[in-house]
Amino acid sequence: MELWIDALIVLLILTNLKLIGSSRLSACIRIVALQGVLLGILPGLVNPDQMTLRAILLSAITIVFKGMVFPWLLLRSMRTSSVRREMEPFIGYSTSMLISVGLLALAMWMGGRLPLPIPLKSPLVVPLSLFTIMVGLLAIVSRKKALSQVLGYLVMENGIYAFGLALALKEPLLVELGTLLDVFMAVFVMGIAIFHINREFDHIDTDLLSALKG
Amino acid sequence: MILALIFLPIAAALAVFGLKSATAIRVVLTTAAIGHAVLTVLAWILPPAPVMDGWLLLDAPGLLFLSITSALFAMVSLYVLGYLQRENWGKRQDFQEDFLFTNSRESAFVGCLLLFLAMMTLVTVSQHFGLIWVAVEATTLASAPLIYFHRHRRSLEATWKYIMICSVGIALALLGNFFLAVAATLAENDHVPMLVSSLTAKASLLHVPWLKAAFLFLLVGYGTKLGLAPMHTWLPDAHSESPSVISALLSGALLNCAFLAILRIQQVLLAAGLSLFGQNLLLGFGLFSMIVAAAFMLRQLDFKRMLAYSSVEHVGILSLAVGLGANAGYGAMLHAVNHSLTKGMLFLVAGNILAVYQTKSIREVRGVTRVLPFSGALWVMGFLAITGSPPFGTFLSELVILKSALDQGRFVIAAAYLLILCIIFVAMASVVLSMAQGEPGELPAGSRNHPSLLFPRESLLAVIPPLLLGVAVLVLGIYIPPFLQHVLEQAARTFGMV
Amino acid sequence: MRLILFSLMIFCFSGICSFFFGKNPRVANMMGAGGTVMGALIGLVPASIVLWTGRIAEFQRSWQIPYGSFSLKLDALSAFFLLTILILSAIAAIYGCTYLWDYRNRKNLGASWFFFNILVASMVMVVISHNGMLFLMAWEIMSLSSFFLVTFEDEIKSVRQAGWIYLIATHIGTAFLFVLFILLAHRCSSLDFTHFIASGVNGTSLTGTAFLLAVIGFGTKAGFMPFHVWLPEAHPAAPSHVSAVMSGVMIKTGIYGLFRTLSFLGRPEPWWGWLLIAVGLTSGILGVLFALAQHDLKRLLAYSSVENIGIITLGLGLGVLGLAVNQPVLAVLGFGGSLLHVLNHALFKGLLFLGAGAVLHATGVRNIEQLGGLIRHMPWTGTLFLIGSFAICGLPPLNGFISEFLIFVGAFMGMGLSDVSLSSIGVIAGLAAIGGLAAACFTKAFGIVFLGEPRCTPALPVHEISWSMRLPMLLLALGCLGIGLLSPWIISAMNPLIGNVTGLLINDIDVHLAVIVLPLQRITALSCFFVLILASLILLRRHLLSGKIPGQSCTWDCGFLRPTARMQYTASSYAQPITTMFGFFLQTRQTIHAPEGLFPARASLHTHTDDVFLKRLFHPLFHGIHRLLLRLHWLQQGRVQIYVLYVAVTLLSLLIWNLR
Amino acid sequence: MKMIFILHPLGALLLSPLLLGIVNRTKAFFAGRKGLPLLQAYYDLARLFQKSAVYSRTTSWVFRAGPMVGLAAAMTALLVLPIGGGAACLNFTGDLIFLIYLLGVMRFFTVVAALDTGSAFEGMGASREVQFSILAEPALLLSLLAMGEIGESAIDSGIPLPHLSLSGIYAGLSFSAWMHSGTVLLLAASALFIVLLTENARIPVDDPNTHLELTMIHEVMVLDHSGPDFAMILYSSAIKLWIFGALLAGILVPVRSGDFLLDGAATLGGIFLLPIGIGVIESSMARLRLLRVPQLLSGAGVLAILAIVLVLKG
């Protein structure tokens, strides 16, 4: 069982690295979709003993939204907006790879410093989530396109989810649904914003969105 | 009753989304605002019972911030009536870069406004950390379209930054909530519910490292929304590009909500005996924010941006005060009230000036006291109030904070605090005076006010709301009514300060 | 007490009324001025009662603000300042009524009167308030209302600049006062003055700090060098009756504050006295030097206010020193002279500013170099201005001499004592030098403006001012003469006041005052004798010249050549020997186009003396801070990526710092 | 106050013009001329009082008032002036200040009267007058105080705080005072002498005889006065010379018998010797360059300060 968990976690980590490394926008979107699906599976593996209806429902929703709806939205807006297919990073791919490896180490260290009150099946969950969040931030910071920033945001959310779901918090459904809804809304609003940006500027290159300063 | 407070605006919003005719929309807006205000007043008279087994409950700080929000919203909705009238809805030219743009639909605008109100109300009344988070995030989403009311590039850019940065911050806050949950886990299948009350009750059992980490995440997360430097970066853009009414709400009410969220977690830290950890962080952030604000208010070219930075400054003062603790907590509560009223007033007046001069550039605005005597007077008065000169309320709160700093023997902090306040006074004075005084140049065509006549007229709807706010600040400087005093002290005591 | 509250109400009410009647200048004038006069008359009653009897009137109400309580107290000190404030304000109001009339078509007189009344009310409040919060509020309202009065003609750039400097200076000064009061009420739950005296800080290590804070905070308002920078800017900018009030009484509230604070701090230490004397010497000598170098009449008067504040401070320092080394006679004479000079300066500086206002009103010119020969067109103004100048030079038999005489004698007393002697000699030499310089300064001011021939033809036909402007000046002049001739009685009447300040017993004070009263009586006698001789000489001259027709001619000048107005000695050349003698302090800028060639073209010489402290001290300081802060501007680049980076970095660094 | 004290002022009023005559005589003697009669000053005064006056159209009443105020001030000053050990009619604590400020009154009105003519010359003179007085006043004051602080004055009776009033001060300047603190007295006396030369417009500071140099001070200010006005000016300057003479002679002739007449007579002798000294200096020395005068005066100030520091610390 642990084997599977670790494998899954390593897989997630690899998706992060691939996301940072790959240059094609569409590829990135697909990776994010994959991540979403994997995340949906994760809780089931981490604590199989409590596969309540609620947990299952949650996983299902997760997979549906993160694995299908968001990627579909993104791909659609990518097609509608005549956007070039490259990521156009500030920081080169190899450099960002190096950075992300460093971040991975950092995440490991932090995970070590924060012992869980109730040890999980795998000690890697916390580092994984932290790492995913950092990678998301890195994606937001180091990429020019608005789309890629939304991607980064999604990855961040995934990280947070990894944490939340893996710990299967004893929280009423409301909160989780609420959070999920919020994320959905956020991405939705961002999509609209991108649509408008595209209409106003004929590009979604947020690097050029820097008129307001000082 | 609490539910009524929340659902009245929501219902109104839904109604508005359906409506077409402008008058109907405005009627609904006003009625909703007034209703909300009335409900708030009722909440003062007979405290409402907690709802949803303690998830929603109105304690002293909640009541305080709720009333600020409600009062400000009432004023703003009054102002909005005049504002929507003078806005022309067709395509029109932008005055900085001359491209054409339109406004978004009135119904959408008002609807989002009402939703915004509902979500802020939710923040003030909710006791559950998850719920607080949901509400705060919802405020972001509700206010984004408001900032993008004028559909042109700069406002779009501002909106984008607002969404992006705030969402990131909020996401971090979410993680913070999860950390808090971890900290609250006692054993397999047993943990403290995420209610403020229960967390404070069982505070001794919480896991300290996780609690600290949670606090860091929540601080940074909600701090982004609050506008603490260096997470404040979205604030000037959003405030300067959104319509003045929205800016008034953003810095008058929204910041308070984020502040309340941070105070809640501080409350838990206090119960867990970690309050110093939180206070020192808040102190540091507060001072840094003040410094940054001062730096950007010097040689500022855009008066709405200047006001935005002054919000950053006052957020700094607030968190500095909480950091100082003791009596400064009372000062912080009082200052929150004063700042909201004053800043709301200033933004509304800025809206009047903008409407006549058609520019936000400080250099091009001269002789406001001639062109708009009332707005000009209010502008100067607001400046004096916001910089904490007697006899305005801000003076009291800032003095209380200063006194507790000195009484604790923290002379360096007190000195820095005073120095920054003086610098900001200088910066604002040179801006505001240069705008208010002097010979007005020629105004853009179609403005009724002419520098030639000694007593020009202004529309009541544009003057009354800021005037009322200003009077309120003035009164708070001269006399603090006992009931308010009582609630302020209670609120301060809630966060372990007095 | 009720009467004072009543007069306060009158001030506020009339101010507000005149504000609302702003559209009708005549009514606004009537309301504003009338209200001020009436309020002043009512307020004078309790003030004089308290002053003569020494009884203390109090008023206590609780007040719903932190640390606050609405408690007023009218003791002799307050009453004295109250008297000064009310008298001068009322007189200035009468004057302003006519003075402002010319602006009725360009300005909203209502607003001006509103702020004037508020200013008076707040000054009254400052001197009678007995609670820190109340004091601070009144203090700031005073500053703000006077600021709005200064920027009356805000369409002029220099006026805006002046107002700006004034606002900044006074606000920063007030910041020091915040700290001072909080320190005084250290760990107290209230800022009542009684707490200051009771618990306070006296005896603790903070006393010295508190004293320094008071000197800076109140000194900024009073115009101690180097905190005087706002004064020469603001006074010329304001309308003349406002300058009279500001320079005559408003800056004195700073002195009042110092007196008050000293009463909280318990027994002073010697170095306080030394510091005050040093400040006094600096302000006195440099103030009059700068005054001498000015071309603008009102600016000159403003600098001379700095000088007189210096004299007042000398007396104050002497008194503090006396208390510190336990020499009551020093305290009595020093404080007495200082307080009396407060009143005197209010009288003659008010007179001079009103005179300057009359000149401005009649000619529209402020530059001394362009004026001249006015006394033949406006004999009243000229004569009254002469009286004012005579008094401010401290020459007998007018009032200026009396107060300086007190301080002189006090210093003489101190000369013998071991650790006071040096400072006493400083005071003596300083006062003497100030006297000489003041004489130079005001012979220049009066002589160049009113005597000789007009140096350039005035724009509008010069006319004598109306009686409504003449009468106030006349009253002030009479006041100068009266105090000069009635000095012995006035001094003995000041006994309770001095007792209030020094904390000595009435009888002891009488003993010490005896030292000065006899001389004053003789001085009065001699003054009368002087006047007698003068009168007889006048009669003699008339008798000698009777029957003879005095010849009329142009100025003889050794019959050189027919003198023209352009050949007259100018103000700058009159002051030049002295300004060059002290050129080191003044740093006067000169631009010379010397005559060249056999048939030289126009030659010209321009001199300008800016304030050394403003240029060398404050400008660099503020620019330094400014540049330092502008360094931070790279933070806001406009790239959303960078912004998110800030968030991330903050978070990570905090986490690492926390988890390490 | 005994009537006898009136003698001194009256004597001063009568005899002061004589001093001018003595000065001129001395100078004439050194120049090898016969010179004017001793009483020339009286003749001049008489003649001028007879004459009518001529006024410039530029001038106002200030111009006419100047001489009278000056004379009145000088006469009043005589009342507080002791003659040697002999007390003045009126003495009181700090009367020295009153004296100095009366001289200030005199100066003030001379100066404004000069400015009233609107001529370049007189303006120039006025400006120099005030410039020098700035330095002269403190020197005079401090040197007087230094003499007071010697402490001998305590023995004198009747005067409260004798060391702070002229009469008391001068009563104390006996031989013994010279014995134990001669240096102080010498310093004070020399400072006083320099001030005397300045205030009375004497060489090396000023030259009373020339009227047409750009370097004059006092004389140039009174160019336009004529007739009775000029007479008053002449008279008041004579009295001024007398005043300073009395101050200086009081130091240099330390006869303190306690008997008013004796002391007065001795000092009177001193006063009459003084103009001879002035005359000697005037005929033996050239006038200083104007720029040097301030240095001379500040020299006097330094001497005075030195004196007072000596007496206070010694």
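**Entry one: the model.** I reminded myself that this is a predicted model.

**Entry two: who touches whom.** I began with the chain pairs. Four pairs of chains touch, and the pair with the most contacts is C and D. I then checked chain D against the other two chains. Chain A and chain D do not touch, and 57 Å separates their nearest C-alpha atoms. Chain B and chain D do not touch either; there the nearest C-alpha atoms are 41 Å apart.

**Entry three: chain A against chain B.** I looked up this contact and found 33 residues from chain A and 33 residues from chain B. On the chain A side, the elements giving two or more residues are α5 (125–142), α6 (146–167) and α7 (173–201). Which of them gives the most? I found that α7(A) does, with 12 residues. I also sorted this side of chain A by class, and got 22 nonpolar, six polar and five charged residues.

Six residues lie between the two strands of the hairpin, where Tyr67(C) takes a positive phi near 65°.

I noted from the domain assignment that chain C has domain 1 (269–542) and domain 2 (612–659). How far apart do their C-alpha centres lie? I read off 51 Å between the centres of domain 1 and domain 2 of chain C.

Note on methods
Residues are numbered from 1 along each chain as its sequence is written. Chains are lettered from A and ligands numbered from 1 in the order in which they are written. This is a predicted model: local features need pLDDT of at least 70, side-chain atom pairs count only at pLDDT 80 or more; totals for chains, interfaces and linings use all residues. Domain bounds come from an automatic or database domain assignment. Two residues are in contact if their C-beta atoms, placed from the backbone, lie within 7 Å. Helices (H or I, at least four residues) and strands (E, at least two) are DSSP runs, numbered from the N terminus. Ala, Val, Leu, Ile, Met, Phe, Trp, Tyr, Cys and Pro count as nonpolar, Asp, Glu, Lys and Arg as charged, and the others, Gly among them, as polar. Two strands pair if DSSP finds at least two bridges between them.
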